[in-house]
Amino acid sequence: MKLLAAILVFGTALLSSNLAFAEQGIPLLTVTSGGEGEQSYSLNIQILLLMTALSLLPAALIAMTSFTRILVVFAILRQALGTAQTPSNQILLGLTLFTTLFIMTPVLERAYNDGIEPYMEEQLGFNEAATKAIAPFREFMLNQVRESDLALFADMAGDVQVDDLKDVPLKVLLPAFVVSELKTAFQIGFLIFIPFLIIDLVVASVLMSMGMMMLSPVLISLPFKIMLFVLIDGWALIVSTLAAGFYV
């Protein structure tokens with residue numbers, strides 16, 4: 001339940017910085033200014049934020065966690081094995097999702113303990129709680145992203161001046177993180193593809209030397225690739241390597 005609450009409130013935090021609030025004339029949607037200049041939003045606005053955030057959770061899961069890298073690696077692995085739709089998309093998505101939750105558990109727990117739990121106990125205001133809840137995700141992304149990708153999107157933004165990496169705005173950090181994850185995933189996929197490609201080349205050369213032109217090399221090499229993958233305990237090796245590759 002803590003993980004679910006962390007995910008839900010995290011999605012709400014993404015919206016809080018850009019949402020245009022209703023005018024003061026609507027009683028149900030009010031913004032109250034405090035004595036020190038802070039603002040607190042009515043319960044109706046907070047519920048609206050939470051319900052709207054539910055539609056953004058899939059995008060947040062893909063863009064701000066380890067989900068992208070893991071899924072791309074699994075897709076390349078299936079292509080390298082040449083097993084068509086085995087494992088199926090549903091199985092790969094399920095394995096990717098639960099592996100992502102396993103990797104992101106420390107981040108989600110920190111978001112819950114630092115921001116969500118104090119907010120639920122009315123120790124923090126909504127804005128401060130949202131900031132503290134999103135901070136662990138920012139740190140996670142900064143630990144994985146390449147500085148070259150950050151510099152690229154900062155230059156594209158034009159109006160962003162970053163003196164400290166911790167001050168990088170989300171509009172720069174998010175696309176830079178996704179591009180960096182895709183680059184890493186394809187690098188890992190390349191290394192995975194090489195041994196299976198060698199098996200395909202060897203089988204094709206043997207069949208050609210034997211004059212078996214009409215026999216598909218893929219049909220013959222598939223059992224050898226599956227046997228190799230099983231002998232090295234491939235799934236456990238790849239999942240453990242992916243999990244160890246993230247700095248949480």
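Which residues have the most contacts inside the largest nonpolar core? In this predicted model, they are Leu77, Phe140, Leu150, Leu173, Phe196 and Ile238. The core has 35 residues. Two or more residues come from each of helix 4 (67-81), helix 5 (89-120), helix 6 (126-144), helix 7 (147-157), helix 8 (170-209) and helix 10 (234-244). Helix 4 gives the most, with eight residues. Ile238 shows how such contacts are made up: leaving aside residues up to four places away in sequence, Ile238 touches Val73, Phe74, Leu77, Ile192 and Phe229. In soluble globular proteins, nonpolar side chains tend to be buried together.

Charged pairs were examined next. The whole structure holds four salt bridges. One of them joins Arg69 and Glu181, with the closest N and O atoms 2.7 Å apart. This pair links distant parts of the chain, as Arg69 lies in helix 4 and Glu181 in helix 8, 112 residues apart. Both Arg69 and Glu181 are buried.

Another salt bridge is formed by the side chains of Arg110 and Glu139, at 2.7 Å from N to O. Arg110 belongs to helix 5 and Glu139 to helix 6, 29 residues apart. Arg110 has 32% relative accessibility, so Arg110 counts as partly exposed. Glu139 is also partly exposed, because its relative accessible area is 37%.

Lys183 and Asp149 meet in a further salt bridge, at 3.4 Å from N to O. Lys183 sits in helix 8 and Asp149 in helix 7, 34 residues apart. The two ends of this pair fall into separate classes: Lys183 is partly exposed at 33% relative accessibility, whereas Asp149 is buried at 4%.

Note on methods: Residues numbered from 1 in each chain as written. Predicted model: local features only at pLDDT ≥ 70, side-chain atom pairs only at ≥ 80, totals over all residues. Heavy atoms only, no water. Core = buried A, V, L, I, M, F, W, Y, C linked by side-chain atoms within 4.5 Å. Buried < 20%, exposed > 50% of the residue type's maximum accessible area, 1.4 Å probe, protein only. Helix = DSSP H or I, 4+ residues; strand = E, 2+ residues; numbered from the N terminus. Contact = heavy atoms within 4.5 Å.
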